[in-house]
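Dear colleague,

Please find the structure below, handed over for your records.

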Amino acid sequence: MLKKRIIPVLLLRDGKMVKGKKFRNYRDTGSPESAVDVYSSQEADELVFLNISQNKNYFIEFKNIIKKASKKCLMPMTVGGNIKNLEDVREMLMIGADKIIITSEIVDNFSLINEVAYNFGSQCMIVGIDYSYDKSSNKYFVWKNLFQNKTKYELFEYVDIIKKHSFGELFLNSVDRDGMMGGYDIDVIKKIKSSINVPIIACGGAGNFQHIEDLFKKTQISAAACSSIFHFGDNNPIRARTHLRNKGILMRNLK
Amino acid sequence: MIGIINYGHGNIGSIENALSKINSKYSVVTNPENLLSYSHLILPGVGSFSKCMDVIQRQGWEKHIKASVSQGKYILGICLGMQLLFDNGEEDGSSKGLGLINGNVKKIIPGKDEALPHVGWNNIINVKENHNLFDNISKNADYYFDHSYECIPLKTNVILSETNYGINNKFVSIVSDRNIYGIQFHPEKSPPNGLFLLKNFINIK
């Protein structure tokens, strides 16, 4: 049977690994190289690296980190942030990424989704969505450029548009829950799951193992992305896996 | 010596990393005419069936792969590389494969609550007993899968393992027909047991 995945997310900014709250107030959380070592020894199911530097010159250093990580760890690696075209995708795959997340660049260029899928396979193309609740209209909206620009797209309408394209997974990131450690956005995730048939990775909100358990018990989605829960405190993927397995959730067997 | 076939559409780097971890000697082969100097070949594949077959034919790989196989060299197709070993693929219409194993490649029809692609960690079932490929392999180990299509061999005796997914609740995850092997998941991404599988393939003589 297919197992549920727990995917640590590493946010990289100007050479440092960071974590913020609601896409703001980033705190330094150590060196990305040592995080890769740790997650590799803990046999994380996958790793996601997101480049959130505003500094465009940082892209080269980001690529060096990915290159080094891919030599060290054999686990599937997904890379995102500042990937604008097929050339960027090709380069990331060449240096060891298995899958690519594209978020902001898709909003004004839906055809990029199919182009990546055609050239590198749909399994390689992960569509990212950053969304936030808008109080005045009582709706969720899609945001781009790291929660700097609100788009015209209401979340569920946006999902209906992108689902006409060919891609492998959906990376659903709740800005409002980012770094808050108060649990996943179950209702929204459920609603999107019912309208789309690709695997969904939920991101934003994991603060303890109960939150991950709730996500997997209350929704049918495939994967929980986690960040703060592993950065702040002594939790790790091995403990998470053991906890969830004891609660009857199918998790990966290493042996 | 192992030759990794590099026709421009495979995760060559990951396979190199995995072979280095198990201390295997390998070369990345970019000229089809050099294939015959290797005892074991690995055919990777990422992308679409029709696109990869097109490149394999245009670059002249097909003839040399078939010549190697008919001379008894061992070949292992991984993920899309496994699918390319079959007669036909239905991705982007219908296209001819290498035809080294009889059968077709079809889109998986997901079962209730299942998504497509089939991505993540899954185990193998109905494993063929006493086959050398499974030496030292743990029975319950999970492997990393990422695919939307499944191989449907004409003869069931080539099936070495199956995996639970899709409307029929299983698909073929490992095949072997004479000196030809195919693995639907990514052994190179699935330590430790995936690496044992690679090692066992290399040791088949």
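**Salt bridges within chain A**

In this predicted model, Arg90(A) and Glu87(A) are joined through their side chains by a salt bridge with an N to O distance of 3.3 Å; the term denotes a side-chain nitrogen of Lys or Arg within 4 Å of a carboxyl oxygen of Asp or Glu. Both residues belong to helix α3 (residues 86–94) of chain A, where they stand three residues apart, about one turn of the helix. Helices (H or I, at least four residues) and strands (E, at least two) are DSSP runs numbered from the N terminus. Arg90(A) is partly exposed at 38% relative accessibility, and Glu87(A) is partly exposed at 48%. Here buried means under 20% relative accessible area, exposed over 50%, and partly exposed in between (1.4 Å probe, protein chains only).

A second salt bridge links the side chains of Lys144(A) and Asp108(A), at 2.5 Å from N to O. Lys144(A) is in strand β8 (residues 139–144) of chain A and Asp108(A) is in the loop between α4 (104–107) and α5 of chain A, so this pair ties together parts that are 36 residues apart in sequence. Lys144(A) is buried, at 18% relative accessibility, whereas Asp108(A) is exposed, at 62%.

In helix α8 (residues 209–218) of chain A, Lys217(A) and Glu213(A) are four residues apart, about one helical turn, and their side chains form a salt bridge of 3.2 Å, N to O. Lys217(A) is partly exposed, with a relative accessible area of 49%, while Glu213(A) is buried, with 7%. Furthermore, Arg5(A), Glu46(A), Lys99(A) and Glu169(A) are joined into one network by salt bridges that share partners. Over all chains, the structure holds 25 salt bridges.

**The interface between chains A and B**

Contact, meaning heavy atoms within 4.5 Å, involves 34 residues of chain A and 35 residues of chain B. The buried area between the two chains is about 2900 Å², with carbon and sulfur atoms giving 50% of it; this is the accessible area (1.4 Å probe) that two parts lose on being put together, summed over both. Two salt bridges are counted between chain A and chain B. Lys3(A) forms a salt bridge with Asp142(B), with 2.7 Å between the closest N and O atoms. On the side of chain A that touches chain B, the elements giving two or more residues are α2 (59–72) and α5 (111–120) of chain A.

**Cysteines**

No disulfide (a pair of cysteine sulfur atoms within 2.5 Å) is found in a search of the whole structure. For Cys73(A), the nearest cysteine sulfur is that of Cys124(A), 17 Å away; Cys73(A) is buried, with a relative accessible area of 1%. In chain B, the sulfur of Cys151(B) is 9.4 Å from the closest cysteine sulfur, in Cys79(B), which is too far for a bond. Cys151(B) is also buried, at 1% relative accessibility.

**Conventions**

Residues are numbered from 1 along each chain as its sequence is written, and chains are lettered from A and ligands numbered from 1 in the order in which they are written. As the model is predicted, local features need pLDDT of at least 70, side-chain atom pairs count only at pLDDT 80 or more, and totals for chains, interfaces and linings use all residues, while side-chain values use heavy atoms, with hydrogens and water left out.
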